[in-house]
Amino acid sequence: MIELSHVTKSYNVGRNNQFTAVDDVSLSIESGQLTVFKGPSGSGKTTLLSLVGCMSRPSSGRIRLHGIRPAFLAAEEGNDGFDISNLPERFLTEIRRTTFGFIFQQFNLVRGISVRENVMLPAYPTTESHAAFQARAEELLRLFDISRHAASRVEWLSGGELQRVAIARALINNPAVIIADEPTAHLDSKLSREFMEIVALFKGQGKTVLIASHDPIVYDSRLADRVVEMRDGRITVSGPEP
Amino acid sequence: MKTSLNRHRNIIDFALSSLLRRKMKNFSLLAVYTLIIFVIASLLFFVNALKREAALVLADAPDMVVQRLMAGRHDLIPAAYAEKIRALPGVSTVTPRLWGYYYDPVFGANYTLTVPPRPAVEPGNILVGAEVSLNQRVRVGDMVAFRTSAHIPLLLTVKGIYPAASNLVAADLVVMSPEDFQAMFNLPADRATDLAVTVANPRELATVAAKIVEFFPDTRPILKSEMLRTYDAIFDWRGGMMVVILTAAVLSFVIFAWDKATGLSAEERREIGILKSIGWETADVLYLKFWEGIVISLSAFLLGGLLAYGHVFFFSASLFEHALKGWAVLYPKFKLVPAVDSYHLAVLFFLTVLPYTVATIVPAWLAATVDPDAAMRS
């Protein structure tokens, strides 16, 4: 479970252009479910996901993760969850790498290297052997039907293929939580539905899925266990807690 | 198996594939870097080998050479001076020497003609260097015709040829008897080119030199240490023309490294942001850039060093031999004996590989300290 308590995130604090992207948000997100964050552009969805995904720290408030045991925790710690709000960057990075898989709006794939290498990217700075994560990458490429492009550069792929590469990359370290920021923004309706089929697969595997989207194909999907609506950094409709 | 070594191997693996995707940029970078290392290393190898050869030559040189001066120029010295100098306290031996240069207009070459202290050949015979025998197309037993200063042909028989291994010392050498030498240059029998003086106690050298000048005001004693100092001033890597060439090469390197340090492209910054957002630590990004820098700089160092070694020791430093070997003689095509100073190599390594590696890491470090959520917003 992910638990947010009075979380606020402000940028440019103390300057003329200070603004608050997330404002006093409290929320509990259950494990193994699909939670969709819905709202107009600038409503704070992406910032909220970046806070949950350990990409940045909240200006105030607490974020606790339950059911996750990073290697840096002592044996007796973290049984009832642990606070990630003030962890040093090293620890945040480790949690980000081992717990979360990210699917970005722009896919954020590295150009010039192969599809296979892009999928393996999050696994390079781990202690695992190259052969082990390469085998996993091949498996993911087969799963998403992009094996034939394994050696191709990503810039040669279509939008739908790019997204499947981004999804395969998000799964390479077998994360417990998938975070997707506007994943269907650059896809047509057919590809968007295909994406939701992949989300169903994640749910089937017991993964927690958090999606920020203003696409009805996503937030109206029957797969969504909860739809949280946001505006101006605040939650306006938090949806029924399961 | 999970080991921390795997992490470095994985990052090195990605660094290599990362370098390969910018083939043109990185190969041109490698080429420029290799060229700079090649120039600097060539100079170091060349100068070191020359100094070694010079030291070998000077090892047999006398403690002091006494020349006579006439109107500020080197003149023949009366052989009688030798007896008087030998009588000075502290002087061990004084040997009148006969040597000079001969230009052969037919073959367009300069030879060094010399008479050893103990006669090596009978009158009418000579020993020649390998280049002279090639130049004159003569073998042992052949006759060579020299032209005396009175334009009279002097026929001499080649009795021996020095091996090519002694080329720096002997390539242009013609060793003859005193009689033939005097006949060649119409030299009076009581004159010598200069006097070679040895002194029992090296500490007395300066005192003996002062006494020679006192008794023979028309002479100039040249100490062996002064000859060594002159060689050093010309060829030492911290002196003379070396400084000029070395400074130019090092400056090129600084400009090159500075350009690299300030040249992190928008694409590279974007990639660093992506890597951070998907779970790379700042340290991982720095390792990646470190390995990229090391691969380029170490390859350039090894490649440049090897090319320089080949250039100096197999191709006789053909690119700058005429500039550095001086004005002497036949321009012998000798091969320098490989002599590499590990201290110079270490200095070269620390002055090139390290700054370049730092120059690649610093901008990456600046880019890698951005918040990983920047990638979410790109």
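**Exercise 1. Determine how many residues of chain A and of chain B are in contact, and what area is buried between the two chains.**

Step 1. Counting contacts (heavy atoms within 4.5 Å) places 36 residues of chain A against 31 residues of chain B. This is a predicted model, in which local features need pLDDT of at least 70 and side-chain atom pairs pLDDT 80 or more, while totals for chains, interfaces and linings use all residues. Residues are numbered from 1 along each chain as its sequence is written, chains are lettered from A in the order in which they are written, and side-chain values use heavy atoms, without hydrogens and water.

Step 2. The buried area (accessible area, 1.4 Å probe, that two parts lose on being put together, summed over both) is about 3,000 Å² between chain A and chain B. Carbon and sulfur atoms give 55% of that area.

**Exercise 2. State the number of salt bridges between chain A and chain B, and identify the partner of B:Asp284.**

Step 1. A salt bridge requires a side-chain nitrogen of Lys or Arg within 4 Å of a carboxyl oxygen of Asp or Glu; the count between chain A and chain B is 3.

Step 2. The partner of B:Asp284 is A:Arg97, with the closest N and O atoms 3.5 Å apart.

**Exercise 3. Determine which residues of strand S6 of chain A are buried.**

Step 1. Strands are DSSP runs (E, at least two residues), numbered from the N terminus; S6(A) comprises residues 100-103.

Step 2. Buried means under 20% relative accessible area (1.4 Å probe, protein chains only). A:Phe100 and A:Phe102 on one side, and A:Gly101 and A:Ile103 on the other, are all buried.

Notes: Buried < 20%, exposed > 50% of the residue type's maximum accessible area, 1.4 Å probe, protein only. Helix = DSSP H or I, 4+ residues; strand = E, 2+ residues; numbered from the N terminus.
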